[in-house]
Amino acid sequence: MTGIIRTTWHNAEVLSNQRWTERLLTLRIRTEALPFTAGQFVTLRLPIPTADGMELVAKSYSLINAPDEEALEIFYNIVPNGKLSNALAQLQPGDSLEISQPAKGFFVLDEIPAVPNLWMIATGTGLGPYLSILKTPQPWQRFQKIVLVHGVPLVNELAYADLIQTFATQYPEQFRFISCVTREANAHGLEGRITTHLESGTLEQTAGTTITADDTHVMLCGNHNMLNDMKALLGNRGMQRHLRHKPGHITTEQYF
């Protein structure tokens with residue numbers, strides 16, 4: 001019988017807090033070496049001032065760094081009236097916060113069945129866990145084709161372009177990146193919602209790879225609207241959610 005894994009809290013030091021846009025940031029922190037699997041998440045915790053004193057506020061975030069990188073990296077957005085995200089955005093190098101251990105979650109490649117093609121579809125900061133996974137050798141050893149799709153409202157929210165380009169340069173025949181921007185022109189990708197381009201066939205045409213139940217697994221990470229719409233569209237193709245006791249074609253991680 002497997003025992004319950006108890007969550008512990010570790011102190012961490014802020015190394016940097018990079019701002020991509022007014023609402024998108026990347027927090028890099030340092031703590032003792034803590035193992036995790038690419039795709040997993042941790043919980044960050046900070047004391048927040050209130051009218052009655054201090055309140056410990058916590059929220060879970062996926063790790064962007066690879067497991068062998070020393071600094072931990074979090075890609076996050078400022079939520080309107082969000083206590084923790086607004087507090088995180090104020091952190092400066094040398095400040096401290098708490099991080100939970102061990103890392104958790106099943107949005108990892110070990111949970112994905114053996115198929116030739118892998119699609120990684122994200123909205124907003126849902127891009128994060130894919131970057132961690134793609135920094136490891138495992139996806140490149142396992143899949144013939146890997147398609148990364150990132151949907152955002154504005155072009156300047158297409159973060160980590162340089163890192164993504166390194167994947168494209170290193171694996172030109174194996175990797176394809178597609179950006180989808182909904183609120184303005186997108187010179188280097190598609191304009192409109194990811195789901196719209198899946199329905200029209202443009203997404204697969206751009207990727208040069210089709211999505212079928214026979215040879216494809218789709219990972220979905222982002223807001224619940226995208227997840228629900230994508231699951232419905234993929235369901236029309238005979239693709240179902242993947243569960244340990246019932247193998248399928250779709251693995252999801254919902255970001256709020």
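Lys135 is partly exposed, at a relative accessible area of 26%. Here buried means under 20% relative accessible area, exposed over 50%, and partly exposed in between (1.4 Å probe, protein chains only). Glu69 is also partly exposed, at 34%. The side chains of Glu69 and Lys135 meet in a salt bridge, 3.2 Å from N to O. Glu69 lies in the loop between strand 4 (53-62) and strand 5 (72-77), and Lys135 in the loop between helix 2 (128-134) and helix 3 (138-142), so the pair ties together parts 66 residues apart in sequence.

This is a predicted model: local features need pLDDT of at least 70, side-chain atom pairs count only at pLDDT 80 or more, and totals for chains, interfaces and linings use all residues. Residues are numbered from 1 along each chain as its sequence is written, and side-chain values use heavy atoms, with hydrogens and water left out.

A salt bridge is a side-chain nitrogen of Lys or Arg within 4 Å of a carboxyl oxygen of Asp or Glu. That rule gives eight salt bridges. Helices (H or I, at least four residues) and strands (E, at least two) are DSSP runs, numbered from the N terminus.

Next, Arg244 and Glu111. Their closest N and O atoms are 2.6 Å apart in a salt bridge. Arg244 sits in the loop between helix 7 (224-235) and strand 12 (250-254), Glu111 in the loop between strand 6 (96-101) and strand 7 (117-123), 133 residues apart. Arg244 is exposed at 61%, whereas Glu111 is buried at 17%.

Arg193 forms a salt bridge with Asp229, at 3.0 Å between the closest N and O atoms. Arg193 lies in the loop between strand 10 (190-191) and helix 5 (194-200) and Asp229 in helix 7, so this pair ties together parts 36 residues apart in sequence.
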